[in-house]
Amino acid sequence: MDQKRNNIFSRVLSPFLLLLIWYAVALIMKAPLILPYPHTVLVRLCELAGTALFWKSFCITLLRVILAFIISVLAGFCLGLLSADYKLFNSFLQFPLNVIRVTPIIAFILIALFWFKSGTVPVVIATVMSLPVMVTACEKGFERNAENIEKLFKANSYGFTGFYAFRYIRFPSALPAILSGAESSFGLCWKVVAAGEVLSVPRFAAGTLMQKAQVHLDTADVLAVTAVLVIVSSLCQWFLKILINKFSSKKGEKAL
């Protein structure tokens with residue numbers, strides 16, 4: 001019980017200490033253009049929150065994140081399954097995935113600006129950048145290792161073949177890896193979509209709000225929008241984690 005209280009205390013204390021450090025640095029610098037006070041950012045955030053443009057921009061950004069996440073999960077699931085089952089396909093897929101991993105995000109964004117509309121660029125780039133995470137997770141989950149081969153052999157003895165073997169043996173075995181990959185992919189989608197919006201500047205986007213604020217040297221606005229992005233992203237990831245835990249527990253109960 002004491003350990004649990006200490007953990008809660010540490011989690012509450014951490015943001016307060018960071019806030020105090022922010023205040024101290026802002027007080028020492030006395031340069032609001034470079035680092036405004038936290039209360040200035042809060043006031044500006046309340047002002048922005050009273051506008052329809054602010055909420056519309058964040059809602060559309062959230063839709064872009066969800067769309068990119070769904071596409072990357074579906075594509076990663078299919079490619080990961082094929083990669084686990086076919087070694088030639090696995091070898092073929094390694095090069096493009098490695099290229100995506102080592103290429104800076106900004107390079108993909110700048111190239112995509114030539115090919116897609118500004119509102120589509122963040123979705124495309126987030127899908128591309130999160131795809132290796134999902135493919136690798138699904139590939140490891142569906143990998144025909146000794147444990148999975150033994151399960152499939154036993155299932156085959158009882159007449160579980162084809163779709164039924166996949167449905168009741170392979171998919172449940174791969175599920176923990178898939179869910180872990182999906183959680184990582186979702187967090188990556190948030191970062192990449194925001195970065196894509198800053199550079200592509202679509203009409204309605206949280207990244208566009210940040211970019212315009214930076215051009216006008218409104219540091220408080222940039223920090224306010226960033227704070228909301230962090231809060232919304234954290235809440236979405238927390239909600240996703242709850243869904244994943246509930247889904248995993250239900251699968252576990254069915255398996256029992």
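Okay, let's start at Gln237, which sits in helix α10. Keep in mind that this is a predicted model. Is Gln237 buried, exposed or something in between? Its relative accessibility is 29%, so Gln237 counts as partly exposed. Setting aside neighbours within four places in sequence, Gln237 is in contact with Glu183, Phe186 and Gly187. Take Phe186 from that list: 51 residues separate Phe186 from Gln237 in sequence, yet C-alpha to C-alpha they are 7.3 Å apart in space.

The side chains of Lys241 and Glu183 meet at 3.4 Å, N to O. That pair links distant parts of the chain, since Lys241 belongs to helix α10 and Glu183 to helix α8, 58 residues apart. Lys241 has a relative accessible area of 40%, so call it partly exposed. Glu183 is partly exposed as well, with 26%.

Let me zoom out for a second. Of the 256 residues, 35% are buried. The chain exposes about 15,800 Å², and carbon and sulfur atoms supply 71% of that.

How many does the structure hold? Four. Another one joins the side chains of Glu197 and Arg64, at 2.9 Å, N to O. Glu197 is in helix α8 and Arg64 in helix α3, so this pair ties together parts that are 133 residues apart in sequence. And here's the bit I'd click on: Glu197 counts as buried, at 0% relative accessibility, and Arg64 counts as buried too, at 10%.

Then there's a local one. Glu47 and Arg44 form a salt bridge at 2.7 Å, N to O. Both lie in helix α2, three residues apart, which is about one turn of the helix. Why does that spacing work? An α-helix has 3.6 residues a turn, so residues three or four places apart point the same way. Glu47 is partly exposed at 45% relative accessibility, and Arg44 is partly exposed at 27%.

Asp221 comes from helix α10, which runs over residues 219–255. At 11% relative accessibility, Asp221 counts as buried. Leaving out residues up to four places away in sequence, Asp221 touches Arg44, Leu48 and Ala213.

Okay, the core. The largest nonpolar core has 46 residues, and the ones touching the most other members are Phe54, Phe58, Ile125, Phe142 and Val225. Which elements give two or more residues to this core? They are α2, α3, α5, α6, α8, α9 and α10. The biggest contributor is α8, with twelve residues.

Pick Ile125 from that group. Outside the four places on either side in sequence, Ile125 touches Ile105, Phe108, Ile109, Ala112 and Val192. Some of those names come back when you look at α5, whose buried residues are Phe108, Ile109 and Ala112. These cover an arc of only 100° around the axis, which puts them on the same side of α5.

Quick word on cysteines. The disulfide count is zero. Take Cys138: the nearest cysteine sulfur belongs to Cys78 and is 8.8 Å away, and Cys138 is in no disulfide. Cys138 is buried, at 0% relative accessibility. Cys189 is buried as well, also with a relative accessible area of 0%.

Last thing, for anyone who checks backbone torsions. Most residues other than glycine have a negative phi. Which way does phi go at Val201? It's positive, near 50°, and Val201 isn't a glycine. Val201 sits in the loop between α8 and α9 and is partly exposed, with a relative accessible area of 33%. Leu217 also has a positive phi, of about 60°, without being a glycine. You'll find Leu217 in the loop between α9 and α10, and it is exposed, with a relative accessible area of 55%.

That's my tour.

Definitions and conventions: Residues numbered from 1 in each chain as written. Predicted model: local features only at pLDDT ≥ 70, side-chain atom pairs only at ≥ 80, totals over all residues. Heavy atoms only, no water. Helix = DSSP H or I, 4+ residues; strand = E, 2+ residues; numbered from the N terminus. Buried < 20%, exposed > 50% of the residue type's maximum accessible area, 1.4 Å probe, protein only. Contact = heavy atoms within 4.5 Å. Areas by Shrake-Rupley, 256 points an atom, 1.4 Å probe, with all protein chains shown as cover. Core = buried A, V, L, I, M, F, W, Y, C linked by side-chain atoms within 4.5 Å. Disulfide = S-S within 2.5 Å. Arc of directions from axis to C-beta.
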